Amino acid sequence: MHDPADKALSLLTRPGMGTENAGPLLRALAMMLRPRTVVEVGAGSSTLHLLLGLRDARSEASEDRRIVRGEVVADERASVLRPGAVVEDYAPRLLVVDDLSVPGTSAHRARDAARTLGLDNLLTFVERDFFDLTDQELDRWGPLDLVWLDAGTQADDAAFLTALWPRVAPGGTVVLHEPYLATTVETSAEGNRGRVACRIVPTPLLQELRRQAAASGSGFDVLALSEPHKQRQAGLLLLRKHGAWERDRGAPFSEELKALGETRSAEAPLLGEAPARTTGDRADTADRIVAALADDTRRAVYSAIALQADATPGVAERLGMTPAQCTKALVTLEQAGLVTRTGKIWSADSDVWRHAVPQRQRPQRQASIPSKRSKRRAFLEELVPRFAPLRRYPEAEVNELLREVDPDVAALRRYLVEEQLIMRADGQYWRP
């Protein structure tokens with residue numbers, strides 16, 4: 001059957017604008033993420049792709065809701081659904097910001113196409129320059145689940161991110177166009193200054209965001225997708241903000257496999273240099289908590305939720321503030337791990353405080369293992385608190401814990417077992 005959307009898309013899509021591949025991917029993202037609030041800066045064919053994705057996501061969500069309620073029998077589908085996430089009505093919306101000032105684009109026709117296809121009920125078109133919008137107007141949009149930026153320069157993208165990133169919900173995604181650019185570089189060659197050649201390189205924005213993401217506690221992921229057959233309007237840059245539920249649990253890979261019931265042991269894949277966890281991780285958590293609670297409004301919101309779990313409108317009403325003010329505070333509190341949301345209800349997460357407590361100072365590294373048994377026994381007893389009672393440790397993790405004390409980890413393991421301070425069986429070690 002002919003889909004009217006195909007013709008509308010063919011009229012809007014211009015290969016020179018570079019979204020012929022990005023558009024379908026955006027549509028798929030809208031279906032995967034099921035975002036409630038989507039923002040697009042720079043209208044065009046991607047507007048229609050996003051609207052079609054939201055339309056399909058809404059239809060699929062309605063069917064999932066019927067399955068969970070038992071109105072439709074679909075056992076296989078029901079087995080993969082999370083009931084609490086699909087019982088509520090799903091009402092997505094797309095906010096498009098474009099002042100229609102760039103001649104020759106399809107931006108001015110995107111709104112007409114949406115109306116023709118009956119998708120305008122999902123669309124709010126803001127015919128303004130983005131940088132003319134006030135903080136109050138941006139706040140009224142509420143938490144942003146998906147953002148698509150396809151307008152302006154590198155400097156504009158940096159400004160868009162500065163304005164919108166604090167408003168992105170935990171778990172939300174920002175997509176930008178063209179993470180790579182073509183430029184001329186001077187190549188090195190023996191005996192001379194080299195020659196000038198064209199190269200595809202990461203944009204300054206991508207380089208900067210990669211540096212930030214590599215830092216401990218950055219709170220977001222970076223993924224750059226390239227279109228190697230293009231030299232402009234190529235690829236996508238995806239940024240995903242971490243949610244409080246994504247904190248590092250601190251358990252080794254092998255231990256977590258066992259907890260999941262995996263029968264086959266496996267070493268963690270080493271794809272890069274993984275920094276060792278230190279007390280700095282706890283300091284980062286403490287710093288985020290302090291920063292989140294440094295604001296009077298956020299302290300009031302957190303206190304209200306700690307006293308009584310409630311939905312956003314209920315918290316706002318009790319505190320005498322607008323829902324938009326309350327939502328903005330909640331987004332920051334959730335990012336710091338202080339509150340969590342189940343459905344529409346916010347509650348305080350007390351577990352975050354445990355992650356912020358400084359660890360006990362470990363014994364300093366010794367020059368050598370004492371040779372006299374009585375002294376060695378006392379020395380070994382100081383190492384025992386490094387191991388959690390009854391927890392099973394693989395040998396590699398034991399070595400890592402003991403290497404801070406003495407490089408001869410084999411001798412330390414042997415002495416600990418001989419003194420029965422640590423037990424060993426089947427390649428596993430534990431503190432009795």
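**Notebook: cores and sheet**

I started at Leu51, which touches Leu94, Ala114, Leu119, Leu122 and Leu123, leaving aside residues up to four places away in sequence; contact means heavy atoms within 4.5 Å. The model is predicted: local features need pLDDT of at least 70, side-chain atom pairs count only at pLDDT 80 or more, and totals for chains, interfaces and linings use all residues. Residues are numbered from 1 along each chain as its sequence is written, and side-chain values use heavy atoms, without hydrogens and water.

Next I looked up the nonpolar cores, which are sets of buried Ala, Val, Leu, Ile, Met, Phe, Trp, Tyr and Cys residues joined through side-chain atoms within 4.5 Å. Buried means under 20% relative accessible area (1.4 Å probe, protein chains only). The largest core has 32 residues, and Leu51 is among those that touch the most other members. Helix H3 (45-68) is one of the elements that give two or more residues to this core, and H3 gives the most, with seven. Helices (H or I, at least four residues) and strands (E, at least two) are DSSP runs, numbered from the N terminus. I also noted a second, separate core of 27 residues, including Val41 and Leu95.

Then I turned to the sheet. I found seven strands in an open sheet with mixed pairing, in the order S3-S2-S1-S4-S5-S9-S8; two strands pair if DSSP finds at least two bridges between them. S3 (123-126) and S8 (220-225) each have a single partner strand, so one side of each lacks a neighbour in the sheet. Strands S1 (residues 37-41) and S4 (residues 144-149) run parallel and are joined by four bridges. I saw that Glu40 has Trp148 as its bridge partner in S4.

Technical notes
Buried < 20%, exposed > 50% of the residue type's maximum accessible area, 1.4 Å probe, protein only.
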